[in-house]
Amino acid sequence: MKRILYAALSLATVLCLATACRHTPKPLLSPEEMIEIGMDLRLAEAQLAAAIPAGAGQALLEEKTAAIYTPILAHYGLSLDAYMQNVHYYLGKPQKMQAIQDEIAKRLRALADAPVAK
């Protein structure tokens, strides 16, 4: 009986994951748009991390993070929900998501290595 229940639950989980990956968010952001938004979010997160004192607590960090995401996403005409739908969509396409993350990392390294104007 346990085997049947386990098999049924496993099958239900696989079906849910398979159908969730097929859902295309509205609007579907292109990989370049995901890179641009990702860049802005990572830069804001870095500034936030530098501004919050060590040991300030996870709750404060989460509160401040939510506060910086909203205006950045609004700049792109997105809600947090719409952005997260796109993130989940690309998580269902691991090669595309990896390419997006690699490009964000590459661009951030280029910014870090760029000479500072005086």
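**Notes on the predicted model**

1. Setting aside neighbours within four places in sequence, Y69 is in contact with L41, E45 and L80. The residue belongs to helix α3. Y69 counts as buried because its relative accessibility is 17%, and the limit for burial is under 20%. Its C-alpha atom lies 9.3 Å from that of S79, a residue ten places away in sequence. As with every value in this note, these come from a predicted model.

2. Of its 118 residues, 21% count as buried. Where contacts link residues at least 6 apart in sequence, 76% of them join residues at least 24 apart.

3. The accessible surface of the protein chain amounts to about 8600 Å². Carbon and sulfur atoms account for 65% of that surface.

4. Which residues have the most contacts inside the largest nonpolar core? They are M34, I37 and Y83, in a core of 19 residues. Helices α2, α3 (58–75), α4 and α5 each supply at least two residues of this core. The most comes from α2, which gives six residues. As a general matter, nonpolar side chains in soluble globular proteins tend to be buried together.

5. Apart from neighbours within four places in sequence, I37 is in contact with L29, L73, Y76, L78 and Y83. Of these partners, Y83 is itself among the core residues with the most contacts.

6. The largest pocket has a volume of about 150 Å³. There are 13 residues in its lining, and those closest to the centre are L41, R42, Y83, M84 and V87. Three helices, α2 (31–51), α4 (80–91) and α5 (94–113), each contribute at least two residues to the lining.

7. Y83 has a place both among the core residues with the most contacts and among the residues closest to the centre of the largest pocket. L41 is likewise listed as closest to that centre, and L41 is also a contact of Y69.

8. The loop between α1 (2–22) and α2 holds S30. Is S30 buried, exposed or partly exposed? S30 counts as partly exposed because its relative accessibility is 29%, and that class lies between the limits of 20% and 50%. The C-alpha atoms of S30 and Y90 are separated by 10.0 Å, although these residues are 60 apart along the chain.

9. P27 is also found in the loop between α1 and α2. The peptide bond from K26 to P27 is cis, with omega near -5 degrees. In general, most peptide bonds are trans.

Note on methods: Residues are numbered from 1 along each chain as its sequence is written. This is a predicted model: local features need pLDDT of at least 70, side-chain atom pairs count only at pLDDT 80 or more; totals for chains, interfaces and linings use all residues. Side-chain values use heavy atoms; hydrogens and water are left out. Buried means under 20% relative accessible area, exposed over 50%, partly exposed in between (1.4 Å probe, protein chains only). Contact means heavy atoms within 4.5 Å. Accessible areas come from the Shrake-Rupley method with a 1.4 Å probe; for residues, only the protein chains shown count as cover. On a 1 Å grid over the protein atoms alone, a cavity is a set of points where a 1.4 Å probe fits but cannot get out, and a pocket is an open set with protein on both sides within 12 Å along at least five of seven lines; lining residues have an atom within 4 Å of a point. Grid points are joined across faces, edges and corners, and a volume is the space filled by probe spheres set on the points. Helices (H or I, at least four residues) and strands (E, at least two) are DSSP runs, numbered from the N terminus. A nonpolar core is a set of buried Ala, Val, Leu, Ile, Met, Phe, Trp, Tyr and Cys residues joined through side-chain atoms within 4.5 Å.
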